[in-house]
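I opened the notebook to look up charged side chains. These are my entries.

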Amino acid sequence: METSSHVINLLDQESMNREWMSANRLTNEYNEGVKEFIRFAVEHAEDPSRIICPCLQCCYSSKVSPAELKTHLVCYGIDQSYTCWTRHGERREEFGHLKDDVGYALNDADTNSYDGDRFDEMDDVLEEDLRDCPEMFERLMSDAEKPLYDGCTQFNKLSAVLKLYKLKSANGWCNTP
């Protein structure tokens, strides 16, 4: 009995295509992949009504309903380095058909990054922008050194503006009333 479930589990893993994870979240490919992931997660969950969320906002720290999981994965995206779904029922030793260089995301409180991030790409874009506009860089550096208000040690002008932009983008706020 255990052998047949082992074979079925192995077949499930080999048939699950993970290319959707790097697709544009507005595409049918991504949405179909999300549905397959949720089906897989529900089938292998201890409690099918509470699934660990691998979205970029939760970073495995929350358990959500399947409906919430779909919303999170579409709105925030999935950790693209999470190719062996160990938190959703897969075992690494059974997952031998992936390349050896695949990184696995860790829920590490000491870092704010994951293996699938695009920091190098963002760094290149920022560097190009700063080359085109050195005054902007000087203003950013100046704002990073100015406290938000006299006596404030926790925030500087730049960090406060960045936190407000993060709130704005996370909640879909626009500039018009």
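I counted the salt bridges first. The structure holds 5 of them. I note that this is a predicted model.

I looked up Arg39 next. Arg39 pairs with Glu36, and their closest N and O atoms are 3.1 Å apart. Both sit in helix 2 (residues 28-44), 3 residues apart, so about one helical turn separates them. Arg39 also forms a salt bridge with Glu43, with the closest N and O atoms 2.7 Å apart. Arg39 and Glu43 are 4 residues apart in helix 2, so again about one helical turn lies between them. I wrote the three down as a network: Glu36, Arg39 and Glu43 are linked by salt bridges.

I then checked accessibility in this network. Arg39 is partly exposed at 31%. Glu36 is partly exposed at 36%. Glu43 is partly exposed at 48%.

I moved on to Glu68. Its salt bridge partner is Arg50, with the closest N and O atoms 3.8 Å apart. Glu68 lies in helix 3 (residues 66-76) and Arg50 in the loop between helix 2 and strand 1 (51-52), so the pair ties together parts 18 residues apart in sequence. Glu68 is partly exposed, with a relative accessible area of 37%. Arg50 is partly exposed as well, at 38%.

Last, I asked which residues gather in a patch of negative charge on the surface. They are Asp120, Asp123, Asp124, Glu128, Asp129 and Asp132. I followed up on Asp132. Asp132 belongs to helix 4 (residues 119-132). Asp132 is exposed, with a relative accessible area of 63%.

Terms used:
Residues numbered from 1 in each chain as written. Predicted model: local features only at pLDDT ≥ 70, side-chain atom pairs only at ≥ 80, totals over all residues. Heavy atoms only, no water. Patch = residues over 30% accessible without salt bridge, like charges linked within 9 Å, V, L, I, M, F, W, Y side chains within 5 Å. Areas by Shrake-Rupley, 256 points an atom, 1.4 Å probe, with all protein chains shown as cover. Salt bridge = Lys/Arg side-chain N within 4 Å of Asp/Glu carboxyl O. Lys, Arg positive; Asp, Glu negative; His and termini not counted. Charge placed at Lys NZ, Arg CZ, Asp CG, Glu CD. Helix = DSSP H or I, 4+ residues; strand = E, 2+ residues; numbered from the N terminus. Buried < 20%, exposed > 50% of the residue type's maximum accessible area, 1.4 Å probe, protein only.
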